[in-house]
Number of protein chains: 2
Amino acid sequence: MTLHSFDTPPGARVSPPAGAPARARIHEVGPRDGLQAEPLPLDAELKTGFARGLLGAGVSSLEVAAFVHPARVPQMADAEAVVAGIGRPAPGVRLTSLVPNERGLDRALAAGADAVAAIASVTESFARENMGMTRDESLAAAVGVTRAAKDAGRHVRGYLSMCFGDPWEGPVDVSEVVESALVLAEAGSDVVVLSDTIGVAHAGQVETVLEALAAAGIPGERLAAHFHDTYGQALANVRAALPAGVAEFDASASGLGRCPFAPGATGNLATEDLVWMLHGLGYDTGIDLRALMGASDPVDRALGRTTASAVKKALSA
Amino acid sequence: MTLHSFDTPPGARVSPPAGAPARARIHEVGPRDGLQAEPLPLDAELKTGFARGLLGAGVSSLEVAAFVHPARVPQMADAEAVVAGIGRPAPGVRLTSLVPNERGLDRALAAGADAVAAIASVTESFARENMGMTRDESLAAAVGVTRAAKDAGRHVRGYLSMCFGDPWEGPVDVSEVVESALVLAEAGSDVVVLSDTIGVAHAGQVETVLEALAAAGIPGERLAAHFHDTYGQALANVRAALPAGVAEFDASASGLGRCPFAPGATGNLATEDLVWMLHGLGYDTGIDLRALMGASDPVDRALGRTTASAVKKALSA
């Protein structure tokens, strides 16, 4: 007998379940977060082709580059070339660049970036070890970037690292997350992105943190989530965040990505796995699963890696 | 700086969230389902030691063996020796053996099994390809085993294979699942175990199937779920099943397990990953995570495999 090819999730809902947002959006981070820590230099054409492939697959929100110091993140040294190579996106499609400070913002704006990601650490240890500054300095830098980017009319995603656990400190106090999120929200971030940089977050904690944020005046609609799959929890965390109104989730095609600063962390949530669940829940992400899988093939080959996406693995077998 | 060791999930809830069952139980299937398809013969002492290690880690519901034809599943030919080697469990601990028919049940009862797993297929194709019988014959066999085992005063888990997708047929109609579940429930199964043997199930489908079963008179309390992680969805499916009252979930230590009959299927949900989420949600499973990780070490070594558990991988790094 011939095996069935599962190109779409079986028994998908016609519309999202009661108590969950009517729409959900995937923010694809493969070309930036997914590649940033790869030690092997990848040329701008490969990155540009990857981004174009993702856009062709229906991705409508895409992180394309980081305007950081080239000595610090050599893989992102060609940010200008990548952004120029991708060109202007179609209407309704947003291309985001990460900028750590106002110098980076100037470069991103000059390159034509239409959305930026600012970043701050919730914990003191990660701010010092990763960013070489105090927690408050990292928040101040993110606030500076956010205000300037809003003044320039750009969409801003305000990332908060280490919302659920810190590699050195361990558990993170919910009140610290709330306090930091309020700072970024008040500075004008369009969404505050709760990041689990080391992948320890679980559904119970996600619910607790989202309840605390809602109580402090930041509803799910102002939030997005960036989960890592280090402890295998990412997708369950997405399911746990939906009822709180969170409707935007970061993911990386083929599960690309490491974390150079958080030892032990392995890989972002794979976009293919997230697509499987969201389509099954009745969301139309606009993404074609097979085209999505194909977009990361050249990158997987260039890196000599096996995909970290369970769905891509299963459907490629 | 010294890295923090995450032995327990950070920010765990004190008690389970509203709308979820007050208790949840893990049914560990590593020694049987996890090992059954391994081509390398493993000796009874290794299996017995594995089971004892799991019980020592706090596992209270454990599948230990299958009383099937040795020519069909050579790895389970030593079922009697394994059950004898484990000995009587402590009070409140249940050891289950899989039996495909009444002949297997006789062997299991003679060996002293105190709980049995009966098994039927929801789909015609899987029944024919895997079990060499029709779907109705597979249901009749499971009913026969269930009635005889209940007459003998044993706890019965009634497994339904292919509740969410079939490797040959593709999507499975919900009404077929309901119909089959009613047969096993009426025969006296203590729990009907919905199995996603090929791992394609997603949260939306789990919700739909559970709603249909509740409407047909089978509430979550009479159900358990056996999810595979082939498409990365298993843990999100557990999270989706909890609000429907399902409180018993199969998992395999270190993610042990393949499926010899369903090409493409790779591995059960890893117990460590499930423990992380359930403990985070405020459930006391009684399981010690480090001891659980240690219990599968000799098996991982004997098989020369890398663990498929994300949690075990992360905490062993």
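Residues are numbered from 1 along each chain as its sequence is written, and chains are lettered from A in the order in which they are written. Since the model is predicted, local features need pLDDT of at least 70, side-chain atom pairs count only at pLDDT 80 or more, and totals for chains, interfaces and linings use all residues; side-chain values use heavy atoms, without hydrogens or water.

I turn to the relation of the chains.

Next, a helix pair. Helices here are DSSP runs of H or I of at least four residues, and strands are runs of E of at least two, numbered from the N terminus. In chain A, helix α2 (residues 44-56) packs with helix α11 (residues 289-303) at an angle of about 165°, their axes 8 Å apart. That makes α2(A) roughly antiparallel to α11(A), a term for angles over 145 degrees on a scale from 0 to 180 between N-to-C directions. From α2(A), the contact residues are A:Leu46, A:Phe50, A:Gly53 and A:Leu54. Those from α11(A) include A:Leu292, A:Pro298 and A:Val299. By class, this contact has eight nonpolar, two polar and no charged residues.

How many residues of helix α10 of chain B are buried? For α10(B), residues 271-280, the number is 10 of the 10, so this helix is largely enclosed by the rest of the structure. Buried means under 20% relative accessible area, with a 1.4 Å probe and protein chains only. Among the buried residues are B:Glu272, B:Asp273, B:Trp276 and B:His279. After α10(B) comes B:Gly282, with a positive phi near 100°.

Finally, I consider Met162. A:Met162 has a positive phi of about 60° although it is not a glycine, and A:Met162 lies in the loop between β5 (155-161) and β6 (165-166) of chain A. A:Met162 is also buried, at 0% relative accessibility. In chain B, B:Met162 has a positive phi of about 65°, and B:Met162 is buried, with a relative accessible area of 0%.

Definitions and conventions
Angles under 35 degrees count as roughly parallel, over 145 as roughly antiparallel, 65 to 115 as roughly perpendicular and the rest as oblique. Contact means heavy atoms within 4.5 Å. Ala, Val, Leu, Ile, Met, Phe, Trp, Tyr, Cys and Pro count as nonpolar, Asp, Glu, Lys and Arg as charged, and the others, Gly among them, as polar. Buried means under 20% relative accessible area, exposed over 50%, partly exposed in between (1.4 Å probe, protein chains only).
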